Every structure is written in structure tokens, then in C-alpha cells.
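Biologist: I'd like to learn how to read a few features off a model like this one. Can you walk me through some?

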Amino acid sequence: MTADATPSPVGRTGGPRVRGTAYPGYVAGKLGGAAVSLLAVLVTSFFLFRLIPGDPVKFMTGGRQVSAGQLASYRREFGLDLPLWEQFTDYCGKALTGDLGTSYQFRAPVMDKITEALPNTLLLTGTSFVLYTVIGVLLGTRAAWRNGGLGDRLHTGLALTLYSIPSFWLGLLLIIVFSVGIGPVPGLFPTGGMESGGEEGFAYVLDVAHHLVLPVVTLVAVEYGQTLLITRSALLDEMGGDYLTTARAKGLRDDLVRRRHAVPNALLPTMTLVFINLGRTVAGVILVETVFSWPGLGGLFYQALSVPDLPLVQGLFFVFATAVIVMNTLADLIYPLLDPRVGR
Amino acid sequence: MDRHDQHGTEGTVLRLLAAAGAALMLTAGLATPLDPAPRRAEAKDGEQVLTVAVAQSVDSLSPFLAARLVSTSVHRLMYEYLTNYDPKDNHAVPGLATEWEPSADKLTWTYTIRDDSKWSDGKQATAEDAAWTFNKMMTDEGAATAGGSFVANFEKVTAPSPTELVIELKKPQATMAALDVPIVPRHVWEKVDDFSEFNNDKSFPVVGNGPFILTDYKADSYVRLKSNKSFWRGAPKFDELVFKYYKDGDAAVAALRKGEVSFVSGLTPAQAAALKSRQDIAVNDAPGRRFYALAVNPGARARNGKKFGDGHESLLNQKVRRALFMAVDRRTVVDKVFQGHAVEGEGYIPPRFSAYFWKPADGQRIAYDPAGAARLLDEAGYRKNGDGRRVGKNGRPITYRVLCHATDPQDKAVGKYLQEWWGELGIGVSLDCRDNVSDPWLAGEYDLAFDGWSVNPDPDFVLSIHTCAALPATPKEIGATDNFICDEKYDELYDRQLAEYDAAKRADIVKQMESRLYDTGYMNVMAYPNAVEAYRTDQIASITKMPEAAGNIYGQDGYWSWWSAAPADGGGSSDGAGQTGVIIGIVAGVVVLAGLGAFFAVRRRATAEDRE
């Protein structure tokens with residue numbers, strides 16, 4: 001797409017290499033790396049969380065009448081009475097068949113707890129992700145193109161300010177202003193939760209959308225700055241390029257020079273960030289989920305850690321890490337398609 | 001080029017803002033008329049809905065598994081227990097059982113089961129359901145998870161007739177009118193395969209016979225119950241009761257201000273102060289059921305006699321323990337740390353349990369007296385060295401490790417005071433604050449610790465955790481003990497109270513136990529924290545507190561609060577006008593934004609050719 005304007009040192013060889021023999025090897029390497037990472041995560045998640053101080057059985061029975069026999073039966077039930085290596089092989093065997101065990105505190109399969117909360121988290125973080133990426137890239141591009149101008153200073157300043165605001169504080173502020181209402185501002189949105197309950201069909205969709213607005217606004221506000229700044233600086237690096245002068249000399253309009261020539265070349269760092277963010281969407285956002293009482297994975301992870309509910313912690317950690325690994329691998333696989341210089 | 005581009009930037013930003021604004025306004029505009037959030041405690045179809053903000057996640061909706069307060073509170077509403085507690089003074093009153101009587105040998109209890117309680121599917125609730133529930137807990141380990149201790153002393157449970165339940169005991173047990181076990185319908189529960197994994201949260205409505213029927217549940221979103229119109233004590237006055245999740249305390253308070261919820265509990269002093277000025281909100285600063293204490297490590301040991309842990313040797317001296325507590329200014333703890341939302345500590349059981357409340361007589365009371373404390377330490381042989389530090393038997397200056405909960409700001413605040421107060425005595429304090437204190441606690445690797453328990457109307461459990469029988473069998477095991485107290489005299493009193501069926505005599509023995517606990521000085525109660533909660537008076541006209549005169553609303557030992565709550569009539573009528581205003585405002589906003597959008601769209605089309 002940029003071949004006509006980019007004086008590439010390797011000339012025409014970039015494209016064929018991607019489609020030729022090098023790309024499959026590159027792909028195999030990346031996939032192999034991802035598989036090794038996944039295996040490492042599986043092992044790490046088992047041992048890492050056993051370092052958390054605290055006895056799950058005592059925590060769960062704290063403040064209740066429990067006999068020594070009952071405590072022992074808890075340990076038996078959770079498999080905590082077995083030697084560590086036996087617990088480990090048991091865990092690995094089950095994990096490979098997709099069974100992440102049973103949560104100590106909720107007495108439900110970890111997989112069920114995760115699949116219950118995952119869509120909620122993805123709805124929140126996914127919507128925010130799309131919005132802050134689009135806004136960040138658009139504003140970042142504009143800011144770089146008009147580097148030093150009023151718009152640039154305004155956007156960069158605002159983005160930096162919002163980026164440095166703690167999300168829970170901004171969330172609470174939005175709740176007070178737009179949920180409860182202040183002065184002439186009426187209370188437009190619910191104060192928390194994902195739904196009012198009891199709604200069905202289209203009314204349910206609207207109800208969830210209504211609940212979604214404030215948490216999404218909070219996340220977008222604190223997150224878009226990062227994308228904006230990365231896009232801006234990447235584009236600034238490209239702006240001195242001779243190929244842009246060539247493009248202008250050909251008589252192309254400024255808008256076209258930017259959109260067709262400068263931006264695609266500056267996209268790589270932004271893509272990296274996009275995929276990192278995409279990987280993070282699964283892990284949820286504990287603070288925003290807490291402030292808006294959003295029933296997602298972030299809150300579940302916090303609850304799991306405080307026990308520690310080992311199967312749940314392990315399962316969540318595994319899912320979070322897997323998402324990041326998958327997204328990073330995907331990014332690696334897409335880079336050569338975006339920029340033939342990568343992967344050579 | 002410049003002008004065009006400048007225009008382009010502004011145009012894009014404006015379009016973006018307009019799009020975002022329109023999306024937001026549209027969402028708000030469309031959703032507001034549908035928003036069922038009860039500005040009044042009323043739903044769309046005129047039903048009275050009571051919404052309560054909660055934060056704690058439900059661990060399980062199966063009464064055989066649930067341990068958390070939120071879950072057991074829901075069970076109180078769903079199922080009748082054999083007995084209930086009187087809201088006035090906590091004495092046992094009829095529940096599913098109308099009468100209960102022990103045999104002469106104290107080993108057999110006979111309960112008369114009421115004949116006017118029906119399950120919500122129309123079947124009669126009988127003694128057979130109760131017998132089945134207890135037998136299941138006695139024979140199935142999975143079913144004993146939550147309440148196994150209640151049946152541990154049961155020999156045999158039978159139902160000779162639909163209205164007669166007989167429980168035979170291994171040895172006498174005075175707590176038989178305080179069995180906090182939800183009785184479940186046999187015909188529903190006998191179909192359950194694995195009690196250790198059945199959470200009772202998949203099919204609704206759940207069959208029950210309490211004042212409310214569970215109709216829906218979504219983890220960390222809500223628990224919905226509707227009133228049981230055929231409840232034997234009379235139907236609740238609200239048609240629906242919703243526990244709605246607010247994971248953040250400030251967000252819950254915002255919801256209360258707005259009227260989205262009718263009730264919020266667990267307020268901080270700052271939140272309570274802010275809400276007090278509101279006309280439509282009542283703040284309930286109720287005497288709590290918890291005590292907040294300073295526990296001393298008496299030297300950890302197991303039942304087999306093996307000692308472990310590393311508690312400071314000086315703390316085994318009763319004079320030292322007394323001196324330390326003499327230097328704790330409980331008044332300051334209440335005024336400064338709890339900001340007045342607590343009562344100064346005395347005996348082990350909080351004053352709201354009037355039958356068992358005990359406080360030391362004047363001669364016995366350990367009053368705040370730093371000078372006296374210093375004298376007592378001198379007498380005990382722990383004198384100051386040249387640096388003004390008191391030294392232990394090993395000649396080294398004494399520094400106590402105080403175990404504190406990192407998540408509890410009160411622990412940290414009191415810890416700072418201890419550093420000051422005991423510092424003046426020449427004793428160092430090192431605060432060991434942790435998210436999870438159970439490791440050093442169970443290993444006995446601490447000197448003192450902040451401690452606290454919620455007390456039940458029947459105090460048996462909080463008394464039992466200081467008996468020698470509660471110690472772990474071996475150092476490797478975990479016992480039910482709180483802080484390894486083991487005192488023969490206390491144990492003897494404990495056994496006596498458990499076998500005493502005369503309520504007044506039993507209360508007297510319990511008070512003697514509290515006196516003994518006070519004197520030994522291993523468990524020093526500093527305060528009884530209040531339960532601070534608030535509700536909207538324009539949504540709830542009246543609600544029963546427990547104790548009735550001045551008590552709490554959330555987490556009662558019974559269903560009194562939600563069962564008795566009466567909706568306020570005509571409350572929030574101005575909200576209708578307010579909402580109309582909102583809707584007009586939104587419609588106007590949408591029209592303006594649509595106009596702007598159309599304007600930019602037309603402009604964009606007009607210049608499209610030029611741009612390409």
C-alpha cells in the first residue's frame with residue numbers, strides 16, 4: 001500500500017518474502033513461542049499463588065463454628081491434604097481437559113464462574129477499547145499533523161490530564177454529577193450495576209446500554225490519552241520523511257498525504273499498543289468495576305485473591321495470561337502484513 | 001491548505017463530540033423512561049419494591065453451604081427455622097416450632113411443629129421436613145458444611161407425627177432453642193445428588209416457607225425475592241425485596257441519595273455525617289453485635305500438650321497484662337478512632353444482648369490509669385533500664401509484636417495509640433499489619449492481636465472458642481480456638497452453662513465466665529462498634545429494629561426488619577414532575593444534536609468533492 005512512496009532499501013523483495021518461504025517459518029516460530037509461554041503460565045500459576053500467605057480453609061471458616069473434623073474434611077475435599085506434587089499433576093491433568101477445578105468459596109466449577117463474568121467484562125472493556133482506540137488514533141493523528149498548534153496543545157494537554165486521573169475518582173465524580181445529579185444537571189444514569197433486573201428482550205439491551213454509559217466514559221477518558229500520545233509521536237517521527245515531500249510534490253492534497261502515506265507508516269507502534277490493550281481487556285478493570293459495581297472478572301479476581309481461592313485464582317490467571325499471549329502472538333503475525341520490513 | 005486543514009481538525013473533533021454526545025444522550029433519553037430504578041419504592045406495575053444495597057458476594061444459596069452474612073440473611077427470609085429471636089430482647093420465640101420441651105433427663109427435646117406453614121408450592125411443611133433436614137446434615141458430609149456443628153451433639157432425630165419432632169442428644173445442650181438451621185422441603189431437596197456442589201441458584205422460584213420467596217438471582221448483580229402472601233405470621237408489606245450490589249460504599253451512598261436504593265448499611269463516620277443533614281434520609285447509629293478487643297497470646301499449645309509459637313514470656317504474667325490494658329484509654333478509642341460510633345468496652349458480650357451482658361464492678365474494673373500501670377509493671381519485675389525502656393527477663397528491652405488487619409483502618413489507628421501509650425510505659429510496639437493474619441495467628445507467632453467477633457443471641461459459640469477443647473489436637477492441626485486460651489475454671493463454667501436449661505441460671509453462669517475472662521486478661525474488649533446504616537424515609541415509613549428500642553436493621557437474627565418494613569405512601573411525588581423535566585430536556589438535547597449532526601453531514605457532503 002505504500003510501495004509507490006516508500007523508498008524501501010530492499011526494493012520489491014519485501015512483499016514476496018512475506019508470502020514466500022520466510023513467513024511460514026516466522027509464523028511457526030511465533031506460535032511455538034506462544035505455546036511455550038502458555039505452558040510456563042500453566043506451571044507458574046500453580047506455584048505462584050501457593051506463595052500467598054494464608055490458609056484458605058481457615059479464611060473460609062473464619063467466624064463460624066467448625067469442628068476440627070470439619071476442617072479436615074474441607075482439606076480433603078479441596079485436595080489440600082495431598083502432597084504438593086500430587087496436587088500439581090492433578091491440576092495439570094485436569095487443566096489440559098479444560099477443567100480448572102472447583103472454586104473453594106463459591107462451590108462452583110471455576111470455568112462456570114469465569115464464563116459467567118467474562119461476557120460482562122468484555123462488554124465493558126471491549127466497548128471502551130473500540131472507543132478509546134478510535135478516538136486516540138484520530139486525535140493523535142490530528143495533533144501530530146498540527147504539531148505545536150492550538151489543537152495539538154489542547155488535545156495533548158487534556159489527554160495527559162485525563163490519563164493521570166485515577167479512574168475510581170473520575171468514576172465517582174461522574175456518578176455524583178450524572179447519576180445523582182447536581183444543580184441543573186439531572187440524574188441521567190444508574191449509579192451502578194449492569195442491569196436493573198427483570199427486563200427482557202430489547203428493553204434489556206437498552207437497560208444494559210444505559211448502565212454501560214458511565215463506566216465506558218470513565219474508561220475511555222482515562223485510556224485514550226495513551227493511544228493519542230503513541231500515535232502522535234509515531235506520526236511525528238514519520239513527518240520528516242522524504243516520501244511525504246514526494247507525495248506533496250505530486251500535488252496530493254494534505255489530507256491525502258496524511259491518510260494514505262504518513263499514517264499507515266506510523267501505525268506500527270499504535271498497533272503494538274492496540275494489541276497489548278486488547279489482551280488486557282480480558283483481565284477486566286478492577287477499580288472501574290468496583291466503583292460501578294460491574295459484575296466482571298476484575299472483581300472476581302480480587303475476591304479470589306483475598307481467600308486465597310486457589311483454583312479460581314489459578315484459573316483466572318491462566319485465562320488472563322492466555323489472552324495476552326494470544327493477542328501478542330496475533331500482533332506478531334500481523335506485523336509482517338502491515339510492514340514487510342518486520343520478520344525479515 | 002492551512003485553512004482547510006484547520007477546519008478539518010475542528011470538524012472531526014466536533015463530529016466526534018456530537019456523535020459521542022448523541023450516543024450518550026440517546027442512550028440516556030431512550031433508557032430513562034424505561035429506567036425501573038425506584039425513585040419511589042415502587043415499580044412500573046404499582047408494586048411496592050424495597051431495594052437494599054449490599055456489597056458482599058453470595059457464597060452459595062444452598063442453606064447447607066452458605067456461611068456469609070448476606071447468604072444466611074437471605075436464607076432467613078426464604079426458610080423458617082425451628083425458632084426465631086424476639087426483636088425486643090432476643091429471647092427464643094416460635095418459628096416453625098410453636099413449642100419445645102426437654103425431657104427430665106435433659107437428653108430428649110420435643111418440638112411441636114406448626115400446622116399453618118405451607119411451602120410455596122402448596123404442600124404442607126411438616127416435622128418430617130425438619131427431621132429430614134437434620135438427618136441429612138448428620139449423615140452427609142457435604143450437607144454438614146455450613147451447620148455441621150449444630151448437629152454434632154445429636155444422637156437421633158425423628159418425626160413421630162407431622163407436628164412432632166424429637167431430637168435425642170448425646171449430652172445435654174442448652175442451645176436447643178437457638179438452632180440456626182433453615183428447614184428445607186424434603187420433597188424438593190431429596191432430589192439433590194451432591195450437596196457439596198448444589199448451590200440452589202439455577203431454577204426459580206425456589207420453594208420455601210419464609211416471609212419471602214426467592215425469584216431470581218444473578219451473581220454480584222442482584223437477589224430478588226417476592227413476598228410470601230401465605231406466610232403464617234402474615235405477608236410482608238412490601239411486594240418485592242431486592243438486594244442490589246454496590247461494591248463501592250460511596251457509590252451505594254450516591255444510590256441512596258438518588259433514591260435508587262432504600263437502604264444502605266456499613267456507613268463510615270464521614271458518610272453518616274454527610275447523610276444526617278438530609279430530610280428524606282434517616283441515619284441509624286445502632287449498637288452493634290461485635291466486640292473489638294485486644295487479644296493476648298497466652299502461649300500457643302495443642303491439646304496433646306505440645307507448645308508452639310513464640311509469644312512474649314512477659315505476657316504470661318497477669319500483672320503485665322493488667323498493666324497494659326490499664327494504659328489503654330478506651331474513651332479515646334471510641335471518640336477518636338470510631339468517631340463516636342461505638343460504645344466503650346467492658347465485658348465480653350455487647351450490651352445489646354441484655355440477658356448476657358456483664359460489666360465489671362467498681363473494684364474489679366480496670367480503669368485507665370497510666371501511672372498505676374507503670375507501678376504494676378515495676379511490681380511485676382519489669383523495670384526500666386537506663387534508656388527508659390522496660391526490659392524482659394532476658395535483659396532485652398520489651399517490644400511487643402501486635403498483629404493487625406491491613407484492611408482495617410481502625411486496627412492501624414489504635415495501633416498508633418498503643419505505640420504512644422505503651423511507649424510512655426517504656427514498652428515498644430511493632431505493628432504487624434497484614435492482609436491475611438491467619439498464618440502468624442494460627443502458628444501463635446505474635447504477642448498481641450486485634451480481635452473481634454459478632455455475637456449471636458445465644459452466646460455459646462463465642463464462649464466455646466476460649467475453651468481447652470477448642471485447642472488444635474496437635475500443633476499441625478487447626479482448632480476452633482480463638483487465641484489459645486485454656487483455663488480450667490472457665491472450662492468448668494462453660495460445661496455448666498451448656499447443661500443448664502434454666503435461662504436465668506444459665507445467664508448467671510455466662511456472666512461468671514465473662515468475669516473470669518476479664519480477670520485473666522487474655523481478651524480485653526476495648527469497644528463495641530456501632531452498626532451505622534441509613535434508609536430513605538420517603539420510601540420506608542417504618543421498620544423494626546433489633547433490639548426494637550435501638551438496634552440495627554441489616555443482618556438481624558431474624559427476618560424482622562424486611563418482614564415488618566412498611567412502604568411510605570405518596571413519597572417522592574415531586575419526582576414525577578422532575579422526570580418530566582428530564583425527558584423534555586433530553587428530547588430538546590436530542591433535537592439540537594440531530595440538527596447539528598445533519599448540518600455537519602450536509603457540510604461534509606458539500607466539501608467531499610473538494611477534498612478528494
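Modeller: Let's go through a strand and its partners, a helix pair, and some backbone details. Keep in mind that this is a predicted model.

Biologist: Let's start with strand S9 of chain B. Why is S9(B) described as largely enclosed by the rest of the structure?

Modeller: Count C-beta neighbours: a residue with 20 or more within 10 Å is buried. For S9(B), residues 222-227, six of the six residues are buried, so the strand is largely enclosed by the rest of the structure. Tyr222(B), Arg224(B) and Lys226(B) point one way, while Val223(B), Leu225(B) and Ser227(B) point the other way, and all are buried.

Biologist: In which sense do S8(B) and S9(B) pair, and over how many bridges?

Modeller: S8(B), residues 212-218, pairs with S9(B) in the antiparallel sense, over six bridges. The two form a hairpin with three residues between them, and Asp220(B) in that turn has a positive phi of about 60°. On the other pairing, S9(B) meets S10(B), residues 240-245, again antiparallel, over five bridges. Val223(B) is a handy landmark: Tyr217(B) stands opposite Val223(B), and in S10(B) its bridge partner is Phe243(B).

Biologist: Now helices. How do H7(A) and H9(A) cross?

Modeller: Two packed helices are described by the angle between their axes and the distance between the axes. Here the axes of H7(A), residues 150-163, and H9(A), residues 201-238, come within 7 Å and cross at roughly 135°. That angle makes H7(A) oblique to H9(A), and the crossing is left-handed. Residues making the contact include His155(A), Ala159(A) and Tyr163(A) of H7(A), and Val222(A), Gly225(A) and Arg232(A) of H9(A). By class, the contact has nine nonpolar, four polar and one charged residues.

Biologist: Are Lys106(B) and Asn200(B) buried or partly exposed?

Modeller: Lys106(B) has 16 C-beta neighbours inside 10 Å, so it counts as partly exposed; Asn200(B) has 22, so it counts as buried. Phi is positive in both: about 65° for Lys106(B) and near 60° for Asn200(B).

Methods
Residues are numbered from 1 along each chain as its sequence is written. Chains are lettered from A and ligands numbered from 1 in the order in which they are written. This is a predicted model: local features need pLDDT of at least 70, side-chain atom pairs count only at pLDDT 80 or more; totals for chains, interfaces and linings use all residues. A residue is buried if 20 or more other C-beta atoms lie within 10 Å of its own, exposed if 12 or fewer, and partly exposed in between; C-beta atoms are placed from the backbone. Helices (H or I, at least four residues) and strands (E, at least two) are DSSP runs, numbered from the N terminus. Two strands pair if DSSP finds at least two bridges between them. Axes are lines fitted to C-alpha atoms, for helices over the stretch in contact, and angles run from 0 to 180 degrees between N-to-C directions. Angles under 35 degrees count as roughly parallel, over 145 as roughly antiparallel, 65 to 115 as roughly perpendicular and the rest as oblique. A crossing is left-handed if the near helix is turned anticlockwise from the far one by less than a right angle, and right-handed if clockwise. Two residues are in contact if their C-beta atoms, placed from the backbone, lie within 7 Å. Ala, Val, Leu, Ile, Met, Phe, Trp, Tyr, Cys and Pro count as nonpolar, Asp, Glu, Lys and Arg as charged, and the others, Gly among them, as polar.
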